[in-house]
8 protein chains.
Amino acid sequence: LSADEVTLDFDRGVRIGLPEAIFAAGKSTAQLEHILALGEARGQAMLITRLEADRFAVLAEAWRTRLDYCAVSRTAILGDPPSPIGSSIVALVAAGSSDLPVLREAERTLRHQGEVPTVFADVGVAGLWRITSRLEQLRGFPIVVAIAGMDAALPTVLGGLIGASIIAVPTSVGYGVAAGGHAALNAILASCAPGIVVTNIDNGYGGACAALRIARVIRASQNRPDRSAAA
Amino acid sequence: LSADEVTLDFDRGVRIGLPEAIFAAGKSTAQLEHILALGEARGQAMLITRLEADRFAVLAEAWRTRLDYCAVSRTAILGDPPSPIGSSIVALVAAGSSDLPVLREAERTLRHQGEVPTVFADVGVAGLWRITSRLEQLRGFPIVVAIAGMDAALPTVLGGLIGASIIAVPTSVGYGVAAGGHAALNAILASCAPGIVVTNIDNGYGGACAALRIARVIRASQNRPDRSAAA
Amino acid sequence: LSADEVTLDFDRGVRIGLPEAIFAAGKSTAQLEHILALGEARGQAMLITRLEADRFAVLAEAWRTRLDYCAVSRTAILGDPPSPIGSSIVALVAAGSSDLPVLREAERTLRHQGEVPTVFADVGVAGLWRITSRLEQLRGFPIVVAIAGMDAALPTVLGGLIGASIIAVPTSVGYGVAAGGHAALNAILASCAPGIVVTNIDNGYGGACAALRIARVIRASQNRPDRSAAA
Amino acid sequence: LSADEVTLDFDRGVRIGLPEAIFAAGKSTAQLEHILALGEARGQAMLITRLEADRFAVLAEAWRTRLDYCAVSRTAILGDPPSPIGSSIVALVAAGSSDLPVLREAERTLRHQGEVPTVFADVGVAGLWRITSRLEQLRGFPIVVAIAGMDAALPTVLGGLIGASIIAVPTSVGYGVAAGGHAALNAILASCAPGIVVTNIDNGYGGACAALRIARVIRASQNRPDRSAAA
Amino acid sequence: LSADEVTLDFDRGVRIGLPEAIFAAGKSTAQLEHILALGEARGQAMLITRLEADRFAVLAEAWRTRLDYCAVSRTAILGDPPSPIGSSIVALVAAGSSDLPVLREAERTLRHQGEVPTVFADVGVAGLWRITSRLEQLRGFPIVVAIAGMDAALPTVLGGLIGASIIAVPTSVGYGVAAGGHAALNAILASCAPGIVVTNIDNGYGGACAALRIARVIRASQNRPDRSAAA
Amino acid sequence: LSADEVTLDFDRGVRIGLPEAIFAAGKSTAQLEHILALGEARGQAMLITRLEADRFAVLAEAWRTRLDYCAVSRTAILGDPPSPIGSSIVALVAAGSSDLPVLREAERTLRHQGEVPTVFADVGVAGLWRITSRLEQLRGFPIVVAIAGMDAALPTVLGGLIGASIIAVPTSVGYGVAAGGHAALNAILASCAPGIVVTNIDNGYGGACAALRIARVIRASQNRPDRSAAA
Amino acid sequence: LSADEVTLDFDRGVRIGLPEAIFAAGKSTAQLEHILALGEARGQAMLITRLEADRFAVLAEAWRTRLDYCAVSRTAILGDPPSPIGSSIVALVAAGSSDLPVLREAERTLRHQGEVPTVFADVGVAGLWRITSRLEQLRGFPIVVAIAGMDAALPTVLGGLIGASIIAVPTSVGYGVAAGGHAALNAILASCAPGIVVTNIDNGYGGACAALRIARVIRASQNRPDRSAAA
Amino acid sequence: LSADEVTLDFDRGVRIGLPEAIFAAGKSTAQLEHILALGEARGQAMLITRLEADRFAVLAEAWRTRLDYCAVSRTAILGDPPSPIGSSIVALVAAGSSDLPVLREAERTLRHQGEVPTVFADVGVAGLWRITSRLEQLRGFPIVVAIAGMDAALPTVLGGLIGASIIAVPTSVGYGVAAGGHAALNAILASCAPGIVVTNIDNGYGGACAALRIARVIRASQNRPDRSAAA
């Protein structure tokens, strides 16, 4: 490994309030271990995404024992989890049980930043009662991350029912025209419900970061007046 | 016009119970008038689709006065309308008021065959009450043609609520990723609600024909036992 | 497994006459076994689709012995099969012998609901006699599910020859421009034969459900007059 | 015009805090005038989007004189503008001067709801100083709507520099591979900067609605503690 | 017009037996007239393709009177037509009457080279009898150019019925998923009938040239033994 | 294996002069062995395509010993090879050595029908001398099958140099925008050289069948006058 | 026009040696005139691209008389042309005469910067002699901009024959699969000739700028040793 | 292996100054060893690209010991490396550490030709300081190869900051809409920074060859006046 291969952006946390996550896909084991060493040397907590179980298995044992690894979400966390910031203001809503890996990636990213979400799983609109029966509870959350694959009708239905900020994360669940999540992505972008925003397909990490950008403003606003709300 | 340019399939009605419709796009005025003359000579009612208003305007006056033309649906009908067959068994459901041209094409195709549909317009799921408040009424129809553009969440929501045969017609309403109706089409094909079927984009005529194929079996079944139901 | 990961829609059968099928792709073994236990606890027959042989092989033996598994169609069924409802009113027609997995998924879904189909396999139009020689027999069925990959010319040819309801299921058979079934799908959607409807690629389950939606109306109509035909 | 063609969702404002906007594309003049009359009868302010100048020109004069029309953004507003809610908390940032129509649609949507944005136009990253020189000012806004076409590098650069909520609106500016905004859309979705969210191409209205969903929570939070922040 | 803008390939006829055709789209009127003058100066017959009627109308009158123009096929021919070479060995078969412009482009290209085709128009497979009733006649032609849009099932059905060389020309007839002829193109390329070859969409000129490449070998072979058959 | 799964088209050879080839992809081992048995029972030679080495390896030994298998082209042949028909009239030209599998599939298909081609391999235009130095030799063939991947410039260059019938077979060689052969396919279809025709990507079998359709006419023509040339 | 709509990057010339060009598409007449006034006030020469003739025609007469407008290339230049820098080191090579608008855009951009190119027009490879006969002349240029549409085989053939820097500009000439230049673009990117680089479709301006980036290094190198060559 | 399968273009080096590289994908082990033997027999250094580690492992040991193999870049080199030509004039700039395989392929291709590049790795614009802090150093290089995946904003930002020749190489890093590098490719092609050129996705070899084409002119120019600069 050349010393010049990695240039970590350690002050990102200071700059934008979100720490750099390490995208494991395409990185060699040597690169990952080098990055972990750099992080540990600075005493910085780190989040690794897209770390497949077989990639995790070949890390040095010393790293494996220190990492909090989750095979479902393919994430690993270095360092102690922060204390929860306050009561839950982010709802994670997933349409089907096959969307769980993305939901867990979002959940772990949020918890990694001290933001504990409330989970509503397997509430897709093909059984509409699953979402309408929990609508009152959902209306209590200012931020909703809606995770759905296939036709992704869930964010649209939610968008017409609640006024919260809705961040939709399309998933690659499905086959044929589902096209690895493109049908879901396009359906959400073309939604007839107003003001729904989207991340890349399967990007639970991105959905969580978008929620964090809003959550920090809300938490800051609760103590401060007007315009000074910015992070 | 060469005599050999047109080979009409006049016995289609006998063969499959659906008359040949004339697809006007790409045909010259001379071809259209020649086809009308052939139809009239046989005393056969004819349905012309995709006939834009400016194309209709340049037909010979003799034809214009004899045709029942509708600019919204771009259809023209030659010959007297048939008597309605019986009480309405087809519901036409459209998500938005911009879907009206497709809805009207389907409606006129059905009426051209004596099948009078019941219309539910502008009932998209961004205002969910619009569909749920009429659910009991909708449950009375064995055949539902669901017309929707943009994200086309309507057929999915319907598919989880009613057991009727649902024929979805995606429309080209929308822009950007709506992509001329492809997002709607793919969302319906990838629907998590079971057994929804689809036609080409904006194909109100096709949706009506699919409904007619089923309707004829139902009407035949009402008087006959089991297997002999086929048209 | 968290208790909140799965929200089964058990009353779908009551609501729309089609039971929830379990889409195995993307679900963990733990999720699948949890779902089976929920189903068994309610005494409900269950259909699992897209369950690859290597996924089936790692289920607990207790489940494997109780499931009726078919590797060709990748389906597993829990519970006793229902009695056939009556004489066969659904024809399953497949263009090539490579389309068999999709045909079998459709067949098993129909049988799971007591609807026994009649199968016409390997009758693609490149050898036109294969379909024309069986045309009279085919004309006896009010519902035809036409399964075809590559150029999918079969549904178009059928559509011009018979008046039955035709549900086309494109398959991913082929390579290059066949593009995982997209060429077949688009060819059917653009068909010059009127009133053919389509499901997602390789969706034998969906084709069967669409047939069931119609079949139930037909069977109901055989005993009842007019409008009350709806499910 | 049939009475049943339009089913307005008037209580959307009560339900989700965002009034229904009228999407003019695909609606007939008769439909638009009917909708305006319905709105006026209820004394409700209305926003019409995608109303091209030649479509506006053929509305009845009575409507034209009462509408506040803007040809650049293709929007028309019925009713008096609301008073601004407070100091500006939304920044509208556009990469090029060709993005102006989308920027103006967003601006007018926000103002229609009393939320007055601050505009930063023509600050694309090909001249990086244009954005870096205004960075301190930008850091004062908790919500940034970033509008960009072509390669849409602006949201990525912003995303690494500020912690605000960033809603990116790709535009159709460009040609060739820009593909009507798809290159911009995909670049933003694939951004290496964390937590950027996206709307449909050219959807200034949607970007504004997404900002409104957040803004209302912020304004509500400024007066209330924790969890009760939801709209 | 700069003298260096045009470099005509006059000896193409000598080299490959096919004269250069002038593709009018994208060329200015000045360029077209310059090219015509160059051709006339050499006494060479010329074929211009894709010359829209409004482009033809603005050519100098001197050129208009000397050109044999056909608005349907958008072709213009300079110079006297050659004598027919012999009895017809090329069949032009078109699926629908909307395919006529492409059929005429192919027909005029063939005639321009002395090869007189036999035309079978409007014989698409949705009315299968139209093709089967003329099958014996078709079997007399060693070269068949099959022109079809939408789902383009015609070449596949022909390919299973006759042993001639089949050159398929997909057309842009259709809408929605027909996608300007891409569905037709892909269906033909993915055909389950063996040995069908394809040209670009709407390329009647190309289909005719492919037929000419074969026709010349056949005509040469009729007088010569074996291997020396090449042009 | 159900008896009804396979409907072989044995008289295809009589009908169109090309025997049915068995497309192995998607067929089970049981299906393949059943088909071989049917063929052997009729004493008919059979060609199997797309039979991967690991699929071949699991056939019953009795079949493996009787099949002439070629791993490079993934083809297996049952039955004795026919005698060569005459001197070679088909040239197989491939651009790169990575195109060899497709070239061999075409070569074996031709030989299976007694048509022995002449091979020109690795003569792509990036080293133009490779093709120009062999041009005189190439001009001796009335039929040229040109096989090329990546940008597939070879058929275009050939098309401007020789008058033979040129059947281009795009290959999936390449990466990125080569897109599994789509760039090659589109480049050939859009070729500025006239009258080049194309098959599906990697379809060496199809290219050979197209050549056979022409070759049979040529061989027939050498002994017969005019119009009676058809197969 | 708001004062804040335009933020010109006047010091781009100082920074990177290439002045900002004004992309007229999507800008209003008011914006264009405002930009021209800003440029003129600074005495800066300006290049406007993508200015259609009907857009130019509605500029104020004062501007029209001062602009050097070219309808073929859709470019307008404000200010005096610079003196040519030296002998020509850039060759502009175009495959067909329909590529002229792109060639002229490149030519005018180069001349606007004092770099006078040498033009080789209409030398596509379907008539290979057109390029080989001028090869010696072409070898004298260190920079070649190769402009081609349809299958764009020209850059590949050039790339195998000359060692110069080759910048390929695909054009939108063609139809069907040419797909607005995407087939040409992909063919060049997938070229088997090494080291060819590409710009966006129809981007003659971009091809010229890429040539200028190289030309300036060459001209600087001619007077300076090694590494100090950078602009 | 047939003797006729390979036609190496050994004089490419003489002709265009770039030796033929062997693209290993799609070639058999026998072909690769045959090519190596041909190269060694001529005493010619050879570069093999896209040689996966498992493909390298099955080469004959005699070849493995003589090849300089690099698993990260999947390249193998036969023959001694040349001496470096002079001080470094090519900068290789990569956005992320996952782009390293492409960077190494480019680096090894350059070194294979004696051109030693300077590497700037992991300097993507999400942490803008990484590029701006090294800007002065970067300005010293006349040729910059910019390697980036995902949204590929790096080349655009560089393009507005430096006047060097910028060759962008998009990489397949990313998922979902990143689409194997297509989002990166399109973003660069649509860049608002002028004169950036692009290679195929992941084509480090091509980026290096493009740099070599320019580098040779620069090195030649340093000793010679004007126009005679061409290679």
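# Reading contacts in a predicted multi-chain model

A search of the whole structure finds 24 aromatic pairs over all chains.

User: Which aromatic pair is stacked, and how is that read?
Analyst: Rings of Phe, Tyr and Trp (its six-membered ring) pair if their centres lie within 6.5 Å; planes under 30 degrees apart count as stacked, over 60 as edge-to-face and the rest as tilted. C:Phe56 and C:Tyr69 form a stacked pair, with 4.1 Å centre to centre and 5° between the planes. The pair links distant parts of the chain, 13 residues apart: C:Phe56 sits in helix α3 (residues 53-57) of chain C and C:Tyr69 in strand β3 (residues 67-70) of chain C. Helices (H or I, at least four residues) and strands (E, at least two) are DSSP runs, numbered from the N terminus.

User: What should I know about the model and its numbering before going on?
Analyst: This is a predicted model, where local features need pLDDT of at least 70 and side-chain atom pairs count only at pLDDT 80 or more, while totals for chains, interfaces and linings use all residues. Residues are numbered from 1 along each chain as its sequence is written, chains are lettered from A and ligands numbered from 1 in the order in which they are written, and side-chain values use heavy atoms, with hydrogens and water left out.

User: Is C:Phe56 buried or exposed?
Analyst: Buried means under 20% relative accessible area, exposed over 50%, partly exposed in between (1.4 Å probe, protein chains only). C:Phe56 counts as buried because its relative accessibility is 13%. C:Tyr69 is also buried, with a relative accessible area of 18%.

User: Why is the pair of C:Phe120 and C:Phe141 edge-to-face?
Analyst: The planes of C:Phe120 and C:Phe141 are at 85° and the ring centres are 6.1 Å apart, so the pair is edge-to-face. This pair, too, links distant parts of the chain, 21 residues apart: C:Phe120 is in strand β6 (residues 118-120) of chain C, and C:Phe141 is in the loop between α7 (135-138) and β7 (143-148) of chain C. Both C:Phe120 and C:Phe141 are buried.

User: Which side chain makes a polar contact with that of C:Gln113?
Analyst: A polar contact is a pair of N or O atoms within 3.5 Å; within protein, one must be able to donate a hydrogen and the other to accept it, and residues adjacent in sequence count only if both atoms are side-chain atoms. The side chain of C:Gln113 is joined to that of C:Arg216 by a polar contact of 2.8 Å. C:Gln113 lies in the loop between α5 (100-112) and β6 of chain C, and at 16% relative accessibility C:Gln113 counts as buried.

User: Which residues is C:Gln113 in contact with, neighbours in sequence aside?
Analyst: Contact means heavy atoms within 4.5 Å. Leaving aside neighbours within four places in sequence, C:Gln113 is in contact with C:Gly17, C:Pro19, C:Pro82, C:Ile85, C:Leu212 and C:Arg216.

User: Where is D:Leu103 found?
Analyst: D:Leu103 belongs to helix α5 (residues 100-112) of chain D and is buried, with a relative accessible area of 0%. Beyond four places in sequence, D:Leu103 is in contact with D:Leu92, D:Ala94, D:Val119, D:Ala121 and D:Ile147. The C-alpha atoms of D:Leu103 and D:Gly204 are separated by 6.2 Å, although the two are 101 residues apart along the chain.

User: How many residues of chain A and chain D take part in their contact?
Analyst: Chain A gives 49 residues and chain D gives 50 residues. Buried area is the accessible area (1.4 Å probe) that two parts lose on being put together, summed over both. Between chain A and chain D about 3900 Å² is buried, with 55% from carbon and sulfur atoms.

User: How many salt bridges and polar contacts are counted between chain A and chain D?
Analyst: A salt bridge is a side-chain nitrogen of Lys or Arg within 4 Å of a carboxyl oxygen of Asp or Glu. Chain A and chain D have 0 salt bridges between them, but there are 11 residue pairs in polar contact across their interface (both at pLDDT 80 or more). On the side of chain A that touches chain D, the elements giving two or more residues are α1 (12-16), β8 (165-170), α9 (182-189), β9 (197-198) and α10 (204-221) of chain A. The largest share, 10 residues, comes from α10(A).

User: Which chains do not touch?
Analyst: Chain A and chain E are one such pair, with their nearest C-alpha atoms 13 Å apart. Chain B and chain G are likewise joined by no contact, and their closest C-alpha atoms lie 16 Å apart.
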